[in-house]
Amino acid sequence: MKAHPLLPGGPVSGPLLRLTAPLSFWGGVDPRSGAIIQVRHPQHGQNVAGMILALPGTIGSSSSAAVLLELVRNGHAPAALLLHEADAILLIGCLVARELDWPPPPAFRYRAEQQAKLAAGSYTIAEDGTIRPF
Amino acid sequence: MLAGEAGEAVALAMRIVTETARLMGARKLVPIASAHIDGALYHGDSGTLFAERLVELGAKVAVPATLNVGALDLACGTRVHLPSHERSMAKRMMLAYEAMGCTPSWTCAPYQAGHRPDFATDVAWGESNAVAFCNSVLGARTNRYGDFLDIACAITGRAPHYGLHLPAHRRATFIADCSRLSPALRAADVFWPVLGTLYGQRAGTDIGILTGLRGFSTEDRLKAFGAAAASSGAVALFHVEGVTPEAPDIATATGLASYPERLFITPAMLDSARGALSTVRPDRRDAEAIDAVAIGSPHCSIEELVELDRLIAGRRLLRPFYACTGRHTLSALEAAGRRKALEQAGVTLVADTCVVVTPILDRIKGVLMTNSGKFAHYAPGNTGYAVQYGALAECVESAIAGRLVRDERVWA
């Protein structure tokens, strides 16, 4: 299994949190804790902190970058982002974190169809995007 | 600019813009005519620190740039329940963006505060409803510029040339046909956020053209539609046949000789979308409870506030009633002599911010009634309130009665 590096980093390891519906980080994730607070989301109540977070899509607010940046600063960011496609919202949060010398999670492109095939469990993602069970 | 000859702030902003261009596959940057900055809303100290870093480095915006809402009501002084550290950081953030030369508009409806880019010009706008309106209703060209990229584009005067900046990417790929719905429904304000919610769910990131709405739309209805669609989906551009500037007809909006997939909007689909906007279960013990009412997402126009005044008709509101608006509308409201009447009836005017982005509502596990699809979408997560969605008249009657009042006739 191989994801395409967008913002390289790693290798990183962590449990997989695979979202089954698109999520807006603003209004969807608590910037203080990483908890998913959008009550209509299937993964409502779970927490993104330290997870390899697979997102089938990003929707809603353009403030999601700010929420991600805050999570990076306070240590509640996901360990890595697997995005269906590059988006100019979450990745900007990572770019700004880098400018402020706060190490952001690496981000990879990994299609929703491929995400759906990932079994629950922990994974390691190498810098080149190779995904292995951990 | 990257090399720093224009200063360190420009170099930092340029690194963000060019790195985004690389990630999004843009081959070049495009000059922009204006920006709308969503990045000045406090979500935590990190955003303040970023803005202050830019100010320290000497950042100034290179193009006219309006500001979306902040976390404090500087214009009306409405009490915001932020602890002192957060309040101080939120204020510092707002001041930092003003220091960079942004216009202190503090509204999510900048297009009703005089910021209306010309048709077909490239701009860099943030805030999902503002983006949808700018692209769809004004026909200017912007992607969904998130926090930080918006100010980076404003400082450099450039944006990555991809996505909706390219005319070929602005075409509709499906038709959402509303012509079979009753004219009375299409002419009701309460219909539009519901349609927007449904449309956003179906569209995702796709671009559609709505048909059967000519003669029924107003600017405030398109505003409410777009905000709801951009909450339930990633809608940055929609077309309305015979209404929005890139859609004089289906062929122009789609660029196709034959019609693409056509989805007929049915009352059943709308019922389902409308049902999902309210989160109070009908079997709840006190299913008619209302603890507060909030309107104004996007910010109320002067016309919407005048309509509110007309519906209240001199009566007294029993429940807290928040009308969120921009400072531009406050001045118009005062000039029209309507502000006092609204406040005497019990309306709390909130400017520069709104009840869903910052803690203004009483901290209870209450029920919020709203006529906004966007408030209905975000209030449960951001405020802890359950939501009842309804028409403005239902909101007013419920606030006066102190319990839920419904008028379902238009949906029958």
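I began with the interface, where 31 residues of chain A are in contact with 35 residues of chain B, contact being scored when C-beta atoms placed from the backbone lie within 7 Å. On the side of chain A that touches chain B, helix 1 of chain A gives the most, with seven residues, and I noted that this side divides into 17 nonpolar, 11 polar and three charged residues.

I kept in mind that this is a predicted model, in which local features need pLDDT of at least 70, side-chain atom pairs count only at pLDDT 80 or more, and totals for chains, interfaces and linings use all residues. Residues are numbered from 1 along each chain as its sequence is written, with chains lettered from A and ligands numbered from 1 in the order in which they are written.

Next I looked up the open sheet of chain B, whose five strands have the order 12-11-10-13-14 with parallel pairing; strands are DSSP runs of E with at least two residues, helices runs of H or I with at least four, numbered from the N terminus, and two strands pair if DSSP finds at least two bridges between them. Strand 12 (347-351) and strand 14 (386-389) of chain B stand at the edges with a single partner strand each, so one side of each has no neighbour in the sheet.

I then followed strand 10 (residues 292-300) of chain B, which four bridges join to the parallel strand 11 (residues 321-325) of chain B; here B:I295 has B:A323 as its bridge partner. Leaving out residues up to four places away in sequence, I found that B:A323 touches several residues, including B:I295, B:L308 and B:V347.

Conventions
Two residues are in contact if their C-beta atoms, placed from the backbone, lie within 7 Å. Ala, Val, Leu, Ile, Met, Phe, Trp, Tyr, Cys and Pro count as nonpolar, Asp, Glu, Lys and Arg as charged, and the others, Gly among them, as polar.
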